[in-house]
Amino acid sequence: MSSTENLSDVTTGTSTTEAGSDSTDNANYADSRDTTEGRVYTVSGGDWDDVIADAAHDERMVINMGPQHPSTHGVLRLVLEMEGETVTQLRSVIGYLHTGIEKNCEYRTWTQGVTFVTRMDYLAPLSTEMAYCLGVEKLLQIEAPRRAQLLRVMLLEINRIGSHLVYIATGGMELGATTAMTLGFREREEVLHLLEHLTGLRMNHAFIRPGGLAQDMPADYREKVTEFIKTMKKRLPLYDKLFTGQPIWRNRLKGVGYLPVDACLALGVTGPVLRSAGLPWDLRKTEPYSCYDEFDFDVPVDNGADCWSRYLIRVHEMHESLKIIEQCLEKLEPGPVMVEDKKVAWPAQLSIGSDGMGNSLEHVKKIMGQSMESLIHHFKLVTEGFKVPPGQVYTSVESPRGELSAHLVSDGGTRPLRVHVREPSFVNLQSMPAMAEGGLVADVIAAIASIDPVMGGVDR
């Protein structure tokens with residue numbers, strides 16, 4: 001029988017052919033073909049239950065989840081092979097953002113590279129800026145002033161809180177707890193408002209620069225940060241009330257997405273996923289940078305190695321970040337926020353105009369009125385950038401998702417020869433099959449949420 005003869009009535013969905021009228025002849029209405037993903041059935045009418053029963057004994061279902069699916073934390077595609085509701089095989093398909101950030105950095109100055117790398121992990125942009133700038137400073141053999149280092153730590157911890165809040169908000173929404181979304185994004189707005197006040201932008205700040213910071217803090221930064229700490233200390237206990245003691249939330253996460261410490265080490269998994277398996281590996285403690293060794297804080301660890309442990313760790317980490325921010329305010333003293341070397345220091349000397357955009361008239365007058373040499377130097381530093389001695393470095397920071405590292409190569413010019421970022425979302429995503437295979441399809445969602453991947457970092 002040709003495929004054109006086996007037509008279906010659009011009103012009833014039943015086969016109108018003579019063979020199709022006999023519901024016992026399954027072969028006529030359930031044609032199949034073999035593909036690389038398994039056998040695919042073409043069903044055109046008849047009894048659906050009979051067709052499924054006939055196919056169940058020797059075939060699996062292949063489900064495509066994403067890349068637009070709201071539960072995949074961005075443009076992540078998952079190809080699931082299933083028997084019933086049990087996942088037998090999972091493959092992650094990435095590359096839908098194709099930003100080319102690392103390659104673009106090779107065509108920009110070292111300072112301009114900051115505006116590219118900050119767009120990788122858009123939930124924790126300051127962490128990527130930090131790793132990149134530490135690498136540039138290592139090549140230049142300079143160190144940011146103490147005030148700049150302390151302010152960097154303060155901004156990183158504020159950013160860490162905002163990132164973990166998105167984890168709770170989106171993870172809760174995907175599992176059906178819509179209140180988690182409204183609460184999580186409410187608190188994240190507090191973070192973004194504060195970061196906007198301190199740096200000028202809500203996201204993708206490009207505020208951490210080689211040699212220090214783009215500018216000093218506004219005059220009222222202490223009051224604003226203190227107010228933020230007070231607000232968060234009041235609101236964070238709500239998450240324990242709403243989730244930690246909630247039996248549905250606990251049962252939904254406990255024992256799901258199990259990944260023991262040996263599997264984490266084999267796959268290179270870091271961050272809260274590794275610490276949930278019992279290994280207290282946090283670069284802020286194990287390989288401190290930017291004055292982190294001066295701060296008193298704990299590294300939350302658990303040995304459950306499941307989604308529940310990762311949730312507990314991230315909630316605990318937000319409290320620890322508040323402790324670090326408080327200590328930053330105590331340690332901060334007046335001083336420069338950029339190195340003194342004028343060949344590197346631009347654009348930290350900028351002052352914003354009265355309209356909140358561009359340079360102030362005083363700054364323009366200073367540059368234009370000093371001397372022709374000053375103007376030429378300013379122009380060349382802005383357009384060409386500073387030269388970085390040849391060499392290569394590898395610098396690491398602890399981002400909210402794990403170990404984030406920058407591998408920078410210089411040939412002695414004003415542009416990087418090579419920029420490569422070890423992005424924790426990309427590495428941690430390797431653990432998805434180990435977490436999901438053998439479990440239920442509903443638990444795949446919880447496992448993705450517990451990894452907390454940001455696809456901007458994966459598809460860089």
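Select Glu398 first, then Glu403 in β9: the two stand opposite each other. Before going on, know that this is a predicted model, where local features need pLDDT of at least 70, side-chain atom pairs count only at pLDDT 80 or more, and totals for chains, interfaces and linings use all residues. Residues are numbered from 1 along each chain as its sequence is written, and side-chain values use heavy atoms, with hydrogens and water left out.

Now widen the selection to β8 and to β9 (residues 402-410): nine bridges join these antiparallel strands. Strands here are DSSP runs of E, at least two residues long, and helices are runs of H or I with at least four, both numbered from the N terminus. Two strands pair if DSSP finds at least two bridges between them.

(Angles run from 0 to 180 degrees between N-to-C directions, with axes fitted to C-alpha atoms, for helices over the stretch in contact; contact means heavy atoms within 4.5 Å.)

From α4, hop to α6. What covers the buried residues of α6 includes α4 (125-140), α5 (146-174) and α7 (221-244). Among those buried residues are Leu183, Glu187, Arg188 and Leu195; buried means under 20% relative accessible area, with a 1.4 Å probe and protein chains only. How far apart are the end C-alpha atoms of α6? They are 31 Å apart, which agrees with the 32 Å that its 22 residues (178-199) should span at 1.5 Å a residue; the expected span is 1.5 Å times one less than the number of residues. Just after α6, click Gly200, which takes a positive phi of about 100 degrees.

Last stop: the rings. Rings of Phe, Tyr and Trp (its six-membered ring) pair if their centres lie within 6.5 Å; planes under 30 degrees apart are stacked, over 60 edge-to-face, and the rest tilted. The structure holds eight such pairs. Pick Tyr292 and Phe297, an edge-to-face pair at 6.3 Å centre to centre with 65 degrees between the planes. Both Tyr292 and Phe297 are buried. Finish by selecting Tyr239, Phe243, Trp249, Trp308 and Tyr311, which ring pairs link into a cluster.

Terms used
Buried < 20%, exposed > 50% of the residue type's maximum accessible area, 1.4 Å probe, protein only.
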